[in-house]
Amino acid sequence: MKHFHCFLLLFICTVTLWAQPCNIQNGLQDIASLNYHGDYEEALEKAIDYQSCVTITNDEAIALWTWRSRLNRSLRKERRSNRALLEAKKLLEARGEPLSFDFRMLLAESSALRKDTVYYNQLLADLKKEIFERVPEDHLSKGRYYFLINYEGNDLVPNLLKAVQHFEQLDSTPTMHLGIALRVLGNKHRDLGDPDKSEGFYKRELEVYTERYPEEHFNRSICNFNLGNVYYDKLEYQLALDRYLKVVPVWEKRYDPDHFRMRTLNEAFGDMYWELGDQSNALSYFDKATLKEVAINNDQSETTIANADSLL
């Protein structure tokens, strides 16, 4: 009986709390501020909490669903992002109003990330005319347009370069769009065997995040890891090691020791220490990189070994 009374009291307190008016407008400002500084997880929690308010208006519900979409996208959770955006779309369509230009841009970006090319191509075709007819020139929309059409294969590099040029003309940097564009350019030039250009793009990406995000932000750790890889390619082992060391405080809090990112990082440490002549340290990191590995084939027969050699 005592447990029932405790549960009932907790239920009444919870209902009473949410029955009180919520200042969702202040909440939306807090969410925007957290997003600006890269604290996506806390911003997302707030957006979800405020949706439980009984006094929520239709406009506020649309705004919160849209924020949930944007924040999940920043956290690389594209499916959740798209689901939230579709919830906002449902509420907008129920009012019988046409979707705004900005909302249709979000839909196009969400479709592109999910490789939904049928929907994405139609949306982009409809948006293109509006974007290029805007006066004065809308650098944010043009940048987002070229950011979107980087999915068209061989034109990826020139389109992303155009996107970056437009983004960099804005007074307020669109951190997510510019950061991703620079990272993809860095990745592409590394794949093309041009580590110097790759390094330049990764450094520019890091500068974008450094303006707003704290030192141990995940996006900054990715930049440092990518720069470490570039220095490794250039045989600059000490510079690579210095970059990898900046990654550790972030990833150790985020991942278990046997997570593939931690194993990759530990293997990189092992490689750097080996190249720098510190074999003892190298071996200890190689051990960390092979946690919980299980042999999947212990067949040592001559036939199996010969077959394996032929595959190699």
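Reply: Start with the term. A patch is built from residues with over 30% relative accessible area and no salt bridge; like charges are joined within 9 Å, and nonpolar side chains (Val, Leu, Ile, Met, Phe, Trp, Tyr) within 5 Å. A salt bridge puts a side-chain nitrogen of Lys or Arg within 4 Å of a carboxyl oxygen of Asp or Glu. Lys and Arg count as positive, Asp and Glu as negative; His and the chain ends are left out. Each charge is placed at NZ of Lys, CZ of Arg, CG of Asp or CD of Glu.

This is a predicted model: local features need pLDDT of at least 70, side-chain atom pairs pLDDT 80 or more, while totals for chains, interfaces and linings use all residues. Numbering runs from 1 along each chain as its sequence is written, and side-chain values use heavy atoms, without hydrogens and water.

Now the negative patch. Asp-30, Glu-42, Glu-45 and Asp-49 gather there on the surface. Helix H3, residues 40-50, gives the most, with 3 residues. Glu-45 sits in helix H3. Helices (H or I, at least four residues) and strands (E, at least two) are DSSP runs, numbered from the N terminus.

Arg-80 belongs to helix H5, residues 78-94. Arg-80 counts as partly exposed because its relative accessible area is 47%. Buried means under 20%, exposed over 50%, and partly exposed in between (1.4 Å probe, protein chains only).

Next, the buried side. Asn-229 is in helix H12, residues 218-233. Asn-229 counts as buried because its relative accessible area is 12%. Beyond four places in sequence, Asn-229 touches Arg-190 and Tyr-244. Contact means heavy atoms within 4.5 Å.

Ala-282 is in helix H15, residues 279-289. Ala-282 is buried, with a relative accessible area of 0%. Setting aside neighbours within four places, Ala-282 contacts Gly-270, Tyr-273 and Trp-274. Met-272 is 10 residues from Ala-282 in sequence and 7.4 Å away, C-alpha to C-alpha.

Last, the whole chain. It has 16 helices and 0 strands. Of its 312 residues, 42% count as buried. Among contacts between residues at least 6 apart in sequence, 56% join residues at least 24 apart. The accessible surface is about 18,200 Å², and 53% of that belongs to carbon and sulfur atoms. Such areas come from the Shrake-Rupley method with a 1.4 Å probe; for residues, only the protein chains shown count as cover.
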